[in-house]
Amino acid sequence: MYRRIILLATRNRSGISPIAEHSINITNQQETKRTSVSTCPNRQRMHYNKGVCAPNNRPFSTSTALSKENEESSAPKTGVTEAKVKEEEPRKSGKENLLDLLSAMKVGVTTKKKFQALKSQKSKEQPRVHPESMESATSMFQKATTEQQAQKESLSPELVAAASAVASSMPFKKSQTESELLQQLRKHESDTEVHKKGETNNIGNIIADMKVGKHPNARSPNRPANQIRFDDDGRGYTHDRGVVNEFDAVRRRKSLFTGKRLNIFPSTTDTTETEPKEVSVPSLWDIELAGQIAAVIKHLPRNGFEEMIQWTKDGKLWQYPINNEAGLEEESDVPFHEHVFLDSHLEDFPKQGPVRHFMELVINGLSKNPYLTVKQKMEHIEWFHEYFQQKEEVLKESEAY
Amino acid sequence: MAASVLARLVKSGFEFLQTSFRTTSQAGNVEQVRGYYVNWRMLRDVKRRQMAFEYANDRLRMNAIRKNTILPKELQEIADKEIAAFPRDSCPVRIRNRCVMTSRPRGVKRRWRLSRIVFRHLADHNQMSGIQRAMW
């Protein structure tokens, strides 16, 4: 309930209370041409789903759950799936619904044309932002109000340009859609960066909020009350615990360097900063010499640990903790749109016909495959291209090429 | 992706020597070359795995063309003939998961790649980590 009010309040630029929104509905409609929701329970369900929606970790996959809700409302189902904007409106008359439908449908077609025009204009290499991230518009908007992060350094200018182009082709609020798209992109970038570096700083964030606890154990072993020992079963002696307890204070220190400095030795700083020497590419002789030195120094492994170390260096043993992407470091630098948007490679194939249909299915499958590198995907596509060129006569006989 | 699946099946590296294979050196005298595999059948299995790895991508693409309702049937028939023309050892069906130690073709547990006899031998001598005699 509160979420709905907040949503309505934030969506209202003029800041009118939600009850009064019903009366100004028409003016809003003319401004923004929103699609309407006819029944109240429908709207409530939509709110609940979007309010609870988890951060969309894969914004570029089709989330059919969200899209199904919109089908029930009067959203247009044009060939373009991008124009799915979920709006919540109080009940309108049937005629207004119909008007909305028609106006929205017209807009949908022009977006498709505009988008195709954009596609043909731009070069192949320019990445295209999939506007399906619009589906999580309300959840994204909610997050925008709660957390204000402005990190623009990580996005490439091409992506920003593509996002602004897509936003300008949308008929609805352009600045808002653009900001939401950019936010999604930034989040994606930050996620991949965190994944690359491993989670190093999060523990610091968590611990920062914790309180420092005092050690209650400071002097209790030295109290006279603790020095008397009592044997429970009448043996006349207790089990001697040894000298371990006397080193308790020393052991409690977590590291060697936390005590107070004694300032006995002067701390030298002249050995640390030396100018970096010129390092040229090591020649084969240098590599050979280094190998010889390493072979002289290397002893046979004295125990199982050294054997495992040797095997890890050789590459016979995996590195622990197991990294699933062990051999694929440079693969993580490849941006996602090269994996997903493979349509540009289909330009050598005929536009119509079964061959095109087949290749579109191939592209679809490859774009969903996270286990192949981009090179491997390209090799698949090129192989098919060559194969169909070789079999051109056969295909022409059966009128397929 | 097919290639990576089959790469896991290739147990040893790509260098292998023939077992008890006689080569002629440059001087002309025949020398024996000692190999690492238990028997010839194991060697043949290794060769089949390597060949299946080489042809994995091609087979995947040819099968994608063949098992299709969209492309014309004449093309599919030609693809059928082409895939039949691949070497016989290139198909993954011919690979047999033999025991790594004894080359036994039957009774091999896939997780350890060992036959049941070797597995039992090692487990009884405490050489298998985490394996214990069952008792319940």
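P321(A) lies in the loop between helix 14 (304-314) and helix 15 (336-340) of chain A, where helices (H or I, at least four residues) and strands (E, at least two) are DSSP runs numbered from the N terminus. The peptide bond that leads from Y320(A) to P321(A) is cis, with omega near -5°. This is a predicted model, in which local features need pLDDT of at least 70 and side-chain atom pairs count only at pLDDT 80 or more, while totals for chains, interfaces and linings use all residues. Residues are numbered from 1 along each chain as its sequence is written, chains are lettered from A and ligands numbered from 1 in the order in which they are written, and side-chain values use heavy atoms, with hydrogens and water left out.

Most residues other than glycine have a negative phi, and most peptide bonds are trans. N263(A), which is not a glycine, has a positive phi of about 55° and lies in the loop between helix 12 (248-252) and helix 13 (284-297) of chain A. In chain B, N126(B) has a phi near 65°, again a positive value in a residue other than glycine, and N126(B) lies in the segment after helix 4 (116-124) of that chain. N263(A) counts as exposed at 63% relative accessibility, and N126(B) is exposed with a relative accessible area of 65%; here buried means under 20% relative accessible area, exposed over 50%, and partly exposed in between (1.4 Å probe, protein chains only).

## The nonpolar core

In soluble globular proteins, nonpolar side chains tend to be buried together. The largest nonpolar core of this model has 23 residues, a core being a set of buried Ala, Val, Leu, Ile, Met, Phe, Trp, Tyr and Cys residues joined through side-chain atoms within 4.5 Å. The residues with the most contacts inside this core are F349(A), F358(A), M359(A), F384(A), Y387(A), F388(A) and I65(B). Two or more residues each come from helix 16 (354-367) and helix 17 of chain A and from helix 2 and helix 3 of chain B, and helix 16 of chain A gives the most, with 6 residues.

P350(A) is found in the loop between helix 15 and helix 16 of chain A and counts as buried at 19% relative accessibility. The C-alpha atoms of P350(A) and A400(A) are 9.5 Å apart in space, although the two residues are 50 residues apart in sequence.

## Salt bridges

Over all chains the count comes to 10 salt bridges, each being a side-chain nitrogen of Lys or Arg within 4 Å of a carboxyl oxygen of Asp or Glu. One of them brings together the side chains of K391(A) and E82(B), at 2.6 Å from N to O. Because K391(A) lies in the loop between helix 17 (374-390) and helix 18 of chain A, and E82(B) in helix 3 of chain B, this pair joins two chains. K391(A) is buried, with a relative accessible area of 13%, whereas E82(B) counts as partly exposed at 26%.

Within chain B, R48(B) forms a salt bridge with D89(B), the closest N and O atoms being 3.3 Å apart. R48(B) lies in helix 2 (residues 40-66) and D89(B) in the loop between helix 3 and strand 3 (108-109) of chain B, so the pair ties together parts that are 41 residues apart in sequence. R48(B) is buried at 17% relative accessible area, while D89(B) is partly exposed at 23%. A further salt bridge links D124(B) with R133(B), with the closest N and O atoms 3.2 Å apart; D124(B) counts as partly exposed at 42% and R133(B) is exposed at 55%. Salt bridges that share partners join R48(B), D89(B) and R94(B) into one network.

## Surface patches

E393(A), E397(A), E74(B) and E77(B) gather in a patch of negative charge on the surface. Patches are made of residues with over 30% relative accessible area and no salt bridge, like charges being joined within 9 Å and nonpolar side chains (Val, Leu, Ile, Met, Phe, Trp, Tyr) within 5 Å. Lys and Arg count as positive and Asp and Glu as negative, with His and the chain ends not counted, and the place of a charge is taken as NZ of Lys, CZ of Arg, CG of Asp or CD of Glu. Helix 18 (392-397) of chain A and helix 3 (73-84) of chain B each supply at least two residues of the negative patch. E77(B), found in helix 3 of chain B, is partly exposed with a relative accessible area of 48%.

A nonpolar surface patch of about 410 Å² is made by L289(A), I293(A), V296(A) and I297(A), with accessible areas taken from the Shrake-Rupley method with a 1.4 Å probe and, for residues, only the protein chains shown counting as cover. I297(A) lies in helix 13 of chain A and is exposed, with a relative accessible area of 55%.
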